[in-house]
Amino acid sequence: MIQINYDLTPASLQPALNQLFQLSGEKIHRLQNRWNSAHGTPVFTVKGEYTSRGWTEWTQGFQFGAALYQYEVTRDEAFLDIGRRNTVDFMASHITHIGVHDHGFNNISTYGNLLRLMRDGFIPLNPWEKNFYELALKTTGAVQASRWTELTPELGYIYSFNGPHSLFADTIRSLRALAVSHKLGHKLMGEMDRPISLLGRLLQHAETTARYAVYYGEGRDTYDIRGRTAHESIFNVNDGAYRCPNSQQGYSPFSTWMRGLAWILCGYSEEIEFLESLSEEELASHGGKDKVIARFLRVVEAVADFYLQYTPTDGIPYWDTGAPGLAHMGNYLDRPAEPYNEHEPVDSSAAAIAAQGLLRLGAYLKRSLQGEKGAYYYQAGLTVAQTLFQEPYLSTDPKHEGLLLHSIYHRPNGWDYIPPERKIPCGEASMWGDYHARELGVLIHRAAAGLGEPRFFDILFT
């Protein structure tokens, strides 16, 4: 279980952030100068060099979005040029990609960051450039929402690349695409010019995920532990019936793949901020603002509590709670994680994603006058960040292209590199882990400066 450090503050982590972004800038330049886009999208490192994996191109937005976060912190316009130029050159196909559930990853990280930076004054306001980003964001939200399986008139979900029967936990993070598009006043147009509410689909997807991907300790099955999550939920598309849990990247349907849980923790926490920005009128037909936020809060507190309980003392989880090698590691939850052990890998990328969720959840609870509970989650997020922003997780080797070490991609498929002298994957980085380490760093950096959370869906210009 995590040992929370209540003495940490965002300001106290500033020296670590300075080192993080110093190393980050060097690695962005190194990859930018070496990578040939004809080789596809960089996904994860092998022997310290980024490689591609032609499964789905879901990480390209992280590659270019990383440069935009680097610019936000350092104000070095070379990174703005990298992020903006590559967004224009390479991201258009992602806007209209009908075959994936990844729009919130690719397009919010690029077009969303660019619009946010312009809104916040980091980029000069240019009406045509602003319109370009807005059009991209309107479109990506609608295209993502069109990948839809309806279960009942009240329930449905954005289906995964496995097909219409498949709901992934990851996709909760793609709801940010629908949120931004909705705030820009956009609608998905259906047959007979029927307008389809992006807010409605966002809420239906979130409810379906909450109902079937998350457990609450209420006896749903033998493995119903509060906060446990299933990576994939399977439905009969003929009648809309739920059939079973499954797992694509975890060990089993009845254990918790920790990155899947982290996506839920981060996704619902950010969407609560989105719900805060909506009027009572917008949510009246969905049960009212208080009821909707309470539903999201029930989900995110459950998975946050599970994460804190089933993660080692320093906040870095092993890749899956049911991974069989953990049985050989004794009381592994009562000591810091061991990335170089001989049995099961840790996943630092899950920690980077979860830490952001913990910070956002804690900040919301503080705003809601639940200071003690808010501090509990917020300080947990800072505790995880403190661990990530130092060795052995922070990559200080200038020859290594990754920023956050000991990330895991797909353990069941054996895609992660195992060094010759080791028995498990370790020492490598992923594009999503590096991106979310930077996003976590920006979140803490902005908190230290009193700037608040970077909110993509707050698109009002002042």
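Glu 270 is placed in helix α10, residues 258-276. Helices here are DSSP runs of H or I with at least four residues, strands are runs of E with at least two, and both are numbered from the N terminus. The model is predicted, so local features need pLDDT of at least 70, side-chain atom pairs count only at pLDDT 80 or more, and totals for chains, interfaces and linings use all residues. Residues are numbered from 1 along each chain as its sequence is written, and side-chain values use heavy atoms, with hydrogens and water left out.

Glu 270 has a relative accessible area of 2%, so it is buried. Buried means under 20% relative accessible area, exposed over 50%, and partly exposed in between (1.4 Å probe, protein chains only). The Glu 270 side chain makes a polar contact of 2.8 Å with the side chain of Arg 173. A polar contact is a pair of N or O atoms within 3.5 Å; within protein, one must be able to donate a hydrogen and the other to accept it, and residues adjacent in sequence count only if both atoms are side-chain atoms. Neighbours within four places in sequence aside, Glu 270 is in contact (heavy atoms within 4.5 Å) with Arg 173, Arg 176, Arg 360, Phe 456 and Phe 457.

Ile 424 lies in the loop between α14 (371-388) and α15. Its relative accessibility is 1%, so Ile 424 counts as buried. Ile 424 and Tyr 340 are 84 residues apart in sequence, yet 7.9 Å apart in space, C-alpha to C-alpha. Helix α15 covers residues 431-448. Of its 18 residues, 16 are buried, so α15 is largely enclosed by the rest of the structure. Gly 450 follows α15 and has a positive phi, near 70 degrees.

The structure holds 25 aromatic pairs. Rings of Phe, Tyr and Trp (its six-membered ring) pair if their centres lie within 6.5 Å; planes under 30 degrees apart count as stacked, over 60 as edge-to-face and the rest as tilted. The rings of Trp 58 and Phe 105 have centres 5.4 Å apart and planes at 65 degrees, so this pair is edge-to-face. Trp 58 lies in the loop between β2 (49-52) and α2 (60-74), and Phe 105 in helix α5 (residues 103-106), so the pair ties together parts that are 47 residues apart in sequence. Both Trp 58 and Phe 105 are buried. Ring pairs link a cluster, including Trp 58, Phe 105, Trp 415 and Trp 432.

Definitions and conventions
The expected span of a helix is 1.5 Å times one less than its number of residues.
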